[in-house]
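Subject: Handing over the structure, with notes

Dear colleague,

I am passing this structure on to you, together with some notes on what was found in it. Please look through the sequence and the model first, and then read on.

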Amino acid sequence: ETGVTQTPRHLVMGMTNKKSLKCEQHLGHNAMYWYKQSAKKPLELMFVYNFKEQTENNSVPSRFSPECPNSSHLFLHLHTLQPEDSALYLCASSQDDDIVNTEAFFGQGTRLTVV
Amino acid sequence: DAKTTQPTSMDCAEGRAANLPCNHSTISGNEYVYWYRQIHSQGPQYIIHGLKNNETNEMASLIITEDRKSSTLILPHATLRDTAVYYCIVRSRGYSSASKIIFGSGTRLSIRP
């Protein structure tokens, strides 16, 4: 248990569906991240939020829409995805400010399959 | 942030020390070396980090060369459960570092019985 919880753990969706991935951290961290990991590839950083503000969008297609309502919750809204978007989606959090810094803590991921 | 170079794969006998190298020749003075590992289909797990001194914790030791251009992660007594992909990352600390946790391809470590 890392203190970062992702739901659901597995998701199968059609290309016309709309779904959302949820991430919650109980660590009091200010920064939250979405990563994508396709089969046999390194983790790709998608989005970073720091104190609820988006600080990084790594050229992610608009069919992925992040939302960070507060520092403890992060969502990834999905719509009209393609089969190549099938991957493991990982959420992480860390404390990154000019006083305290921690390593990143990762959730167990959501295994997404687009059919 | 500095890029890192790691061997694609390594193997080690169970019970022996596993030494995983990482080159980070362009590291700057305020950047730390972090190590994570990812066991199959799980989220990455933090192992250890350091700036310039050698570090040890319950999981591993980190040896950083004096010029800081390379480092070695040491798992002193490898077990089958240490089979994973190991990632070496360099990043600075502070507010702006939150965007800089970038993973490379890592080293796939296989522990043989």
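This is a predicted model: local features need pLDDT of at least 70, side-chain atom pairs count only at pLDDT 80 or more; totals for chains, interfaces and linings use all residues.

Residues are numbered from 1 along each chain as its sequence is written, chains are lettered from A and ligands numbered from 1 in the order in which they are written, and side-chain values use heavy atoms, with hydrogens and water left out.

**The sheet in chain A**

Chain A has an open sheet of four strands in the order 1-3-8-7, with antiparallel pairing; strands here are DSSP runs (E, at least two residues) numbered from the N terminus, and two of them pair if DSSP finds at least two bridges between them. Strand 1 (4–7) and strand 7 (64–70) of chain A stand at the edges with a single partner strand each, so one side of each has no neighbour in the sheet. From one strand to the next the twist averages 15 degrees, the axes being lines fitted to C-alpha atoms and the angles running from 0 to 180 degrees between N-to-C directions. Strand 3 (residues 18–25) and strand 8 (residues 73–79) of chain A pair in the antiparallel sense over seven bridges, and Lys18(A) has His79(A) as its bridge partner in strand 8.

**Cysteines**

Over all chains the count comes to two disulfides, a disulfide being a pair of cysteine sulfur atoms within 2.5 Å. One joins Cys23(A) to Cys91(A), with 1.9 Å from S to S, and this link is left-handed, with -75 degrees about the S-S bond. Cys23(A) lies in strand 3 of chain A and Cys91(A) in strand 9 (residues 87–94) of chain A, so the pair ties together parts that are 68 residues apart in sequence. Both Cys23(A) and Cys91(A) are buried.

In chain B, Cys22(B) and Cys88(B) form a disulfide with their sulfur atoms 2.1 Å apart, and because Cys22(B) lies in strand 2 (residues 18–23) and Cys88(B) in strand 8 (residues 84–92) of chain B, the pair ties together parts that are 66 residues apart in sequence. As for Cys68(A), it is in no disulfide, and the nearest cysteine sulfur, that of Cys91(A), is 9.1 Å away.

**Salt bridges**

Four salt bridges were found over all chains, each being a side-chain nitrogen of Lys or Arg within 4 Å of a carboxyl oxygen of Asp or Glu. One of them is formed by Arg63(A) and Asp85(A), whose closest N and O atoms are 2.7 Å apart; Arg63(A) is partly exposed at 22% relative accessibility, whereas Asp85(A) is buried at 2%. Another is formed by Asp96(A) and Arg91(B), with the closest N and O atoms 2.6 Å apart. Asp96(A) lies in the loop between strand 9 and strand 10 (105–106) of chain A and Arg91(B) in strand 8 of chain B, so this pair joins two chains.

With kind regards

Note on methods: Buried means under 20% relative accessible area, exposed over 50%, partly exposed in between (1.4 Å probe, protein chains only).
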